[in-house]
Each structure stands twice: as C-alpha cells, then as structure tokens.
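Welcome! Take a first look, then follow the topics below.

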Amino acid sequence: MDKRSMTAATVETIVLSILARQPSYGYDIIRQVSEMTGGAIEWAAGSLYPVLHRLELDARVESYWMQPEGERKRKYYRITEHGLAALEREKQNWSTVQNLFDQLWSPLPSTR
Amino acid sequence: MHQFDLDRAIASWRQFILSRQPYMDDTQRDELEAHVRDAFDDNVATGMEPRSAWEKARGSIGEYGRMESAYHQNFWRHKAKDGSLNGELRNRMSIVWNYFLLAFRSAKKRPLPTFLNVSGLSIGLAACLIIGIFVWHQSTFDRFHAESERIYRIGTDYRIDGDVIQSAATVGPLLPVVMESVAGIEKAVRVSMRDAELQRNERRLESNQVLFADSAFFDVFTFPLARGNAATALADPLGVVLSHESARFLFGTEDPVGQTILVDNTIEVRITGVLEPIPQRSHVQFDMLASTAALQMMESWIFENWFSFYFYSYVTLTPNTDAVEVAGAITQVARDRAHPELIRRDPGYSLALEPLESVYLASTRLDQPGVTGNPGLLRIMVGIGLLILFIATVNYVNMATALSLGRSREIGIRKVVGADRGQLSRQFLTESFLTVSVALGAGLLIASITLPKIGDVIGVNLTLGSIEPRVLVFLCLGLILVTALIAGWYPARMMSRIPAAPVLSGSLPGGVSKGQFRRLAVVLQFSISFILIAATLIVDKQLGFIQTYDNGYREDGLIALDLSGDQQLGSNPERVRSEMLAIPGIRAATLSSAVPGDQPLGDWNMRFESPGGDQVNTSFPHLLVDQHFLDTYEIPIVAGRSFRQDIGADDTRALILNETAVKELGFENPEDAIGIRYDAFPDGGEVIGVAADFHFTSLRNNVGGIAMRYMADRFGMLTVRAESAQLASLLPRMESVWNDLRADKVFNAELMDEVVMQQYEQDRRFARFFSVSALVAIVIALMGLFGQISYSLRQRSKEIGIRRVLGAETSGLTFLLSREVVILTLMAAVVGAPLTWLAMSKWLDQFAVHTVVGPMELVIATLVTMGVAFLTILGSTLRAAHLNPVDVLRRD
C-alpha cells in the first residue's frame, strides 16, 4: 500500500486514539505521530485539518479555542462519547487485522 | 538584506490562502495560522534562520490543491448537515442569475457588437448543426432492423489478371448450401434487384427497384407491413408486397391487398401486403417486393450457376459468433462448389462478411444494391463545419477582447468592491454561455428553415423533424458547451487579469486590446474564406472542363432512348431506328447495348494473336453496336474500316477495337492489328478496324480498351443525331412515333450531354456545398470585421479628428483607415493559396483528365476576399473620415 492510501485508511483512527488520551490541537497531533513513529510518518497540515473538521461534523470530536498561560491561542479538539464508541469499533476491526498479520508473519511451526 | 518580518509574511500568506481556498472560513484560517506559527517557532528553536524557518513552516501545509478539495468536500457536507444546502444552492443560483443580468445589461449597452456576435455565432452554429445532423444521418444507416448488429452481407472477392475485384454480390446457389453446412448462422435471405414496369389500369410505374427476396426476408429485416401478413406475404410465387409509395401511386386511397397489377405487361400478380414507408436510412430501397420463387420461374439458371453474381446475400449470425470464422467457413463452401473455371482463373477466390450497419458508409464494393454514402465528403463536411464554427468563435473572442478596453473600468470597480478573479472569470463565462445559447436558439431556427434546401444541395432529404430528439438535444448541448467554453475562456482569462488600480486612476493598461491576436485572427478567418472561395472556383472550373472536354465523339445533338425490356420496341429495335430516322431533322440513328455515361460495360474474355504470333488471353469491355454507331457518334476510324452497311457480310465475327485496346495488345501501329484473328463468345473472327479513342465512362478513369461487335439481340439503346438547335422541336415528334409503335415503356428520351453529366452529380454537389460554405464563412468573417472596424474607428475618433484639423484629405484618411484591412486580407490570400493549391490538386488528381489550379482562380479569390472586406469597411471608414473634427475633439 502506498503512503497516501495508508494515511487515508488510518488517519481517523489514529486521531481518535490520540484524542482519547487527552484533548489536543492539530500541530501537536502531527508532532505526536511523528515522534511515536520516529519520524516515519509525517502528516501534512493540509491533510489533517480537513479530517479534524470532518470528525467534528460527525460529532465524533468537539472543538474549543483555548489560550494556555504563556502560549498562543489554539483550537483544541476532544473526543466525544460518540467518538469513543466509534473508536471502540475501529479497535476491534484493527485487532482482527493485526491478529491476522501476527499469524501470517510468525515463523511456520516445523512440520517434522 | 531586509530583516525578516514574520507578521508581514503571515499577512501575505493569509492573502494567498484567501484567494486559493474559497471554501475555508475565517476560523479555519486562524487555526491554520496558529499551526504555521507553531511550526515556525519550533524551526527557529532548532537554530534555523527565520526566513528558512518560515519557508519550512509554510511547506508543512502540504499540497494546497489537495487541501482545497478536502475543504470543498467538508463545505458541502456541512451544508447538507445543517440543512442549509437548499439555501446555499438558491444563493448560488441567484449569483448565476446575477451574472445573467450583468450579461444581459452588457449586451443591451452594446447592441451592435452583441448583434454581430449573436448572428455570426448563430450562422456558424446552424452550419454545425446541419453538418452534425447530416453526419448522424449518414453514419446510422440500417440500424432500424431489430437485430441489425448481428446482420452481415456476404461479399465476393475475386481476381482478374491480378486485380482484386470486390463485389457486394454473390452467386445464386451459395446461400442454401451455406445454411446447411456452416454453423453460427441463424437466418439468411437472398435478394436480387430488377427493373420492371408495374401497371394498374391507366397508371404505370417504371421501376428499377423491384426486389426479389427469399421468404425469410421479413425474419432477417424489420420492414413492418401496414397491410397483410409478413409470414405469408411471399409464400405465393405470384404474390407481391408494394411499398407505401407505389401502393399510393397505383391504388390511391384504395386497399390494394387482394387486388392485382400487371408486371411488364405480361404477368399478373396479386398484392399480398403493403409496407409502412421504408426508412430513409435504409441502404436498400424498393418499390415492390416479390418472391424469389417467381424469379426462379423466369431465370432458373441464376439459381444454379456458381459463376455469376446475381444475388445479395444477408445472414443473421447467432449471438456471440465470430464473423471472421463464419466468413472462412463460407469461403470453404463456396470454393468446394465453385465452377472449376472460376477457381482456375482465381485460386484466391474468397468471400467476406460486411456488418450491415456499415455497408452504406464504409463498403467500397462494386455492384451495390442501392445508394452508398461518401465518407470522404463526410470528412470534408465535418472539417468545413468546424472551420466555420472557428470563424464565428474567433469573432466572439475578438469582439470580447476589443470590448474589454471599454469595460476595464467596470472590471476595476468590481474588483475594488471585492470580486476576485474566479468570480470575474465566471461572470464572463456566463456571458459567453448566454450569448452562445441565444445564438443556438437562432441557429436552430436557421437550420430548420435551411435544412431542406441544404438537403437538396447534398442530395439527402432532411428536415429537423427527421432527427431523433435525443440526438438533437445531445448535439445542441455539446455545441453550447464546447463553443461557450472556447469562446469564453480567453476573454474571461484576459479580462479577469485587468488590474484595478491603474484603471481607476485613469491610466488604461496597454496590453489589453491585444492587437496582434486580433490581426492574426483576421488573417486566419479570411484565409479560410479564401480557401473555400478558391475551392469553389476550381471545382466549377473542372466541371466546366469536363463539359467542354472532347470525349472523342460529338456529344451535342445526340439523344438517347432506352428500349430495353419493352416487349414491342425491344423485339424489333431496327424498326424503331428506321421510324425515328424518317423524322425530318434526324440525320443519323444507331442501336447499341449501352450509351456513354451508362453502366460500365461488361468485360468479355478474348484470345488474340499477339504481334509475335503467340496466343494472348485477355478481356475487353464489350460495346455491342450496329453498323451506324461510329457514324452517328462521329468517331473516326484510324485504321481498317467500319462495319459494312450491309451488315450480313460482317455479322458477329467482325471486330472493331479502339486505339487503346490495340496498344494493350502490343501493336505499335493500328494498321498492324487489322486482320488479326481472335476467339470469343459466341464465335471468333478478325479485327476489321481500329476506331479513335473515346471516353465511354467517367473522366475519372483513363480511356480503357473497348471491343465493338455487332450482336443484334443485345441492342437496348437507340441514339439519334440531330442539329442541336432542332432538338426541342424534334422531341414531341419522336414521342408521337414512340407511342405510334405501341411502346409499353414511357417515352424516355434524354439528351446525351445530360446523361454524361449525370456521372458527375456527386462532383456537382461537392461544388454546390463548397459555394454555400464559402458564402457562410465569408459572411461571418465580414460580420466580425465590420464589428471590429466600427469599434476601432470609435476608439480612433480623436486621432482622426486631429488628422482632419491638421489638413488630412478624406480620401487620404479613408486609405489610411482601410490600409490595414487590405494588407491583412492579402496576407490571408498568401496563407490560403498554397493550401488551396495542395488540397485541390489532390482532388483534381482523381480525374484521369483534369484542369489545373491556375493563378486565375487564386487571383479571383484574392480579389473577392479583399473586395468584400474593403466594401464592408468602406462605409464606416468614409463616415469616420467625414466626421466633423470639432464634434470629435469637443467630446473629451
């Protein structure tokens, strides 16, 4: 799978997973993904923000503007109940796939 | 180097986003700004230069195009979700409506250019519509049959002396055998075409379209019956089906079914059915349909002969059958049964299947059962249609760009009050859509009025009503879309780029009027007009050349009469000849098997003694004539002698060849061929004379070899010679002689020069089509020129005024103002002349004898183009040159 299709297939689940830990804003989400993958996945802002807005439209996340002490004003996103339920379903789907890959990619037991 | 200013960079970036991301709202822009600011801070923190840090932060957005489409999707999703979709759509419609209002106002403000634009475009669109309709008509023949895509016609390929002859016909016994032994064929039918005279009481119909068909005819083809039963209509050998038209002609409003008619004055047949009108787009047209069983009673041998091609065979293949495979199997069957002589002469004898849907337009086979299309003419027409539309479109572009000068203030103001380039482009595109739509409406009107007349010119009977509505709708929408986009794109792009500030401060931008582009456009338009005018002249010249070309016999004063098939006249043609000759004023008369311009002559196999004494097998077209033929046609004998007046002494063994035939046989000198022995059906003999060459067929072909022999039972044509001046008075007397002889056939005298010219009907149509298109092209080009000149003279009125004040003469000014147009049309001629020469020389090469593209046609075309262009602008330039300078200069 090329990188673009991979991003398209996973971006919503990853974003929901990050927001399930704690509320965050776009730039921080991109930074977290980059750090966690050791720089292997670097999202462009142009592809993340429309996804955040779409999730908000579907009420899976909600947004608010906030200016923490000594920082600039940013738009934060937090996951909703509806988003958590959606994430739960996604987790099951991905676990199935992960399970499949685990089996497929583990060394074959010796037949002798 | 300047200190980097982040706030300024961000402000200009936001401006960029604003123009590129129309679906992003303010908070979304704020959010993105916070993002790039964060990225910038992080980059600086890693030790980057501020400028580079900014560039990297800006780059972290990714592809702006992808982002725009993502925001676009979200925008509509949002509208759908919060229930404001309808409102948004209404809003958009009102914007479009607003564009329409603006376009309408702009049109009202400039009535002359609008009128010229709309009328030019409507003529151009009408031309395209007509041509589009014609192309549709020609390329959709025979699709009305229920299984048309599975129906094929069997054609025969055979070789004579190495030349492949492709015929649309097949031998009679083929199809029944094929049906028995070849898999993949569901249904099949043979048809054969004959001439006949149909008579009921006093009404007579001379038909050359009587179709004999197997009883499966109505299974294979879909020709619905208005009266009668298709399953049994052809069951009785003496039962016939009439076409709608012939039933109406013979029976009027009576019901013909069950009644009888007389065929060729001998056989009485019973009407078993009447067809619905046969669709125009059918390659086979017929007046009467009879059973092959009846034909078998008259000409049984053609049903058994594997050597003569008298039938057209059609098969319906079973679904998903490979036509090539079936054709191979049919070839095998035909070869197994073919006459050994045929296989001996052509070991490669084969048959092919042609899809029914393409036989009309694509088949180039000989002996077609009906009319065929002309794909070459069709391609030329499409080309000319596109050129005419191009001229009209260029007019629009030209006028719109010229007007942009006057509209730059409007555009500047619209920009200042917040219109962006996209909005302005959309506004101008809407204007072009509106103009083109109105023009198309007018074009439809023009097309509906002129279509029948144009149909006459190109030989097809067409009205707007004969087109399937969905085809017409598709054609109209396609034309609007393509023309509006092409016409609107350039002006929209150009006008939306006009900067606001200099326009409003009073200094008009210089590059807007694009004089170069307009001049180029005029040259292109007029070179197209030039080419069409010159082509018309050249086609006309060739037709005139053909008419006056010495065919090798004297054409004027000859009248041809067709006696063939007439029981009374055909049984004793010599009597008809002598009775006609007795009319005072008729100087000579001859009987022959054919006349020039008629069907091609049949090739007969012959064997000659060559100059070296060997036997040579060859074939020559045979013209069977009496002893008066050469005298009547005034064809000189160059060696030997003509037939003796007392023909009994010569009879069928005497042979006269023409010069080409003698040369083909290898004789240097015509005298050497005299006395040479030959063998041929029905009897051999010797060459008694050599006649000078004469053109028997179209001048497209070279003079071929011709053999002339006396065979009294084959005479079907009578030719008489009179003084040209007396022809009109002789015809009624000839008719009364014809009727006194109790002829069955209607008197059918034709002047020979007309018969000969009938071969060039297609070329005449070609000429007429060219002249009509040349006229249309030049009229549209002139409209454009007129509009442009009127406009540019208004722009130059101040200059003209000043020149007048400084003492310029009216004549000098007129010359000055028209000079450019004269130069441009001259350039158009320079561009058009070599193209015309190339294209028309190629066309002329189709004729074995032809004229050449001379300087005269090119000069005349140049003078016509230049002359009409000059006359078009003369009025405007004179008026401008006569303007009172006081009025002009006071205005500003």
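How many helices and strands make up the secondary structure of chain B? The count comes to 30 helices and 23 strands. Please keep in mind that this is a predicted model.

**Chain B as a whole**

- Chain B has 892 residues, and 38% of them are buried.
- Take the contacts in chain B between residues at least 6 apart in sequence: 81% of these join residues at least 24 apart.

**Where the two chains meet**

- Chain A gives 15 residues to the contact between the chains, and chain B gives 20 residues.
- On the side of chain B that touches chain A, helix H2 (26-45) and helix H4 (64-81) of chain B each provide at least two residues.
- H4(B) makes the largest contribution to that side of chain B, with 9 residues.
- Sorted by class, the side of chain B that touches chain A holds 8 nonpolar, 7 charged and 5 polar residues.

**The sheet of chain A**

- In chain A you can find an open sheet of 3 strands, paired antiparallel in the order S1-S3-S2.
- Strand S1 (24-25) and strand S2 (61-66) of chain A each have a single partner strand and stand at the edges, so one side of each has no neighbour in the sheet.
- S2(A) runs antiparallel to strand S3 (residues 74-79) of chain A, and 6 bridges join the two.
- To see one of these pairings, look for Val61(A), whose bridge partner in S3(A) is Ile79(A).
- Helix H3 (residues 45-57) of chain A packs on this sheet, where it touches S2 and S3 of chain A. The direction of H3(A) makes about 115° with that of S2(A).

**A four-stranded sheet in chain B**

- Chain B has an open sheet of 4 strands in the order S14-S22-S13-S23, with antiparallel pairing.
- Which strands stand at the edges of this sheet? They are strand S14 (586-592) and strand S23 (750-751) of chain B; each has a single partner strand, so one side of each is left without a neighbour in the sheet.
- Strand S22 of chain B covers residues 717-722. Of its 6 residues, 5 are buried, so S22(B) is largely enclosed by the rest of the structure.
- S14(B) and S22(B) run antiparallel and are joined by 6 bridges. Here Ile586(B) stands opposite Ala722(B).
- S13(B) and S22(B) also run antiparallel, joined by 5 bridges. In this pair, Asp562(B) faces Met717(B) of S22(B).
- Strand S13 (residues 558-562) of chain B is joined to S23(B) by 2 bridges, and the two run antiparallel. Ile559(B) stands opposite Leu751(B) in S23(B).
- Helix H20 (residues 573-581) of chain B lies across S14 and S22 of chain B, running at about 165° to S14(B).

**Helix pair H7 and H11 in chain B**

- Helix H7 (residues 174-181) and helix H11 (residues 323-337) of chain B pack with their axes 10 Å apart, at an angle of about 125°.
- H7(B) and H11(B) are therefore oblique to each other, and H7(B) passes H11(B) in a right-handed crossing.
- From H7(B), the residues Leu174(B), Val177(B), Val178(B) and Ser181(B) meet Ile330(B), Val333(B), Ala334(B) and Arg337(B) of H11(B).
- The contact of H7(B) with H11(B) has 6 nonpolar residues, along with 1 polar and 1 charged.

**Helix pair H6 and H16 in chain B**

- Helix H6 (residues 111-139) and helix H16 (residues 469-496) of chain B cross at roughly 140°, and their axes come within 11 Å.
- That angle makes H6(B) oblique to H16(B), and the crossing is right-handed.
- Which residues of H6(B) make the contact? They are Leu125(B), Cys128(B), Leu129(B), Gly132(B) and Trp136(B). H16(B) answers with Val471(B), Leu475(B), Leu479(B) and Thr483(B).
- By class, the contact of H6(B) with H16(B) has 7 nonpolar and 2 polar residues, and no charged ones.

Technical notes: Residues are numbered from 1 along each chain as its sequence is written. Chains are lettered from A and ligands numbered from 1 in the order in which they are written. This is a predicted model: local features need pLDDT of at least 70, side-chain atom pairs count only at pLDDT 80 or more; totals for chains, interfaces and linings use all residues. Two residues are in contact if their C-beta atoms, placed from the backbone, lie within 7 Å. Ala, Val, Leu, Ile, Met, Phe, Trp, Tyr, Cys and Pro count as nonpolar, Asp, Glu, Lys and Arg as charged, and the others, Gly among them, as polar. Two strands pair if DSSP finds at least two bridges between them. Axes are lines fitted to C-alpha atoms, for helices over the stretch in contact, and angles run from 0 to 180 degrees between N-to-C directions. A residue is buried if 20 or more other C-beta atoms lie within 10 Å of its own, exposed if 12 or fewer, and partly exposed in between; C-beta atoms are placed from the backbone. Angles under 35 degrees count as roughly parallel, over 145 as roughly antiparallel, 65 to 115 as roughly perpendicular and the rest as oblique. A crossing is left-handed if the near helix is turned anticlockwise from the far one by less than a right angle, and right-handed if clockwise.
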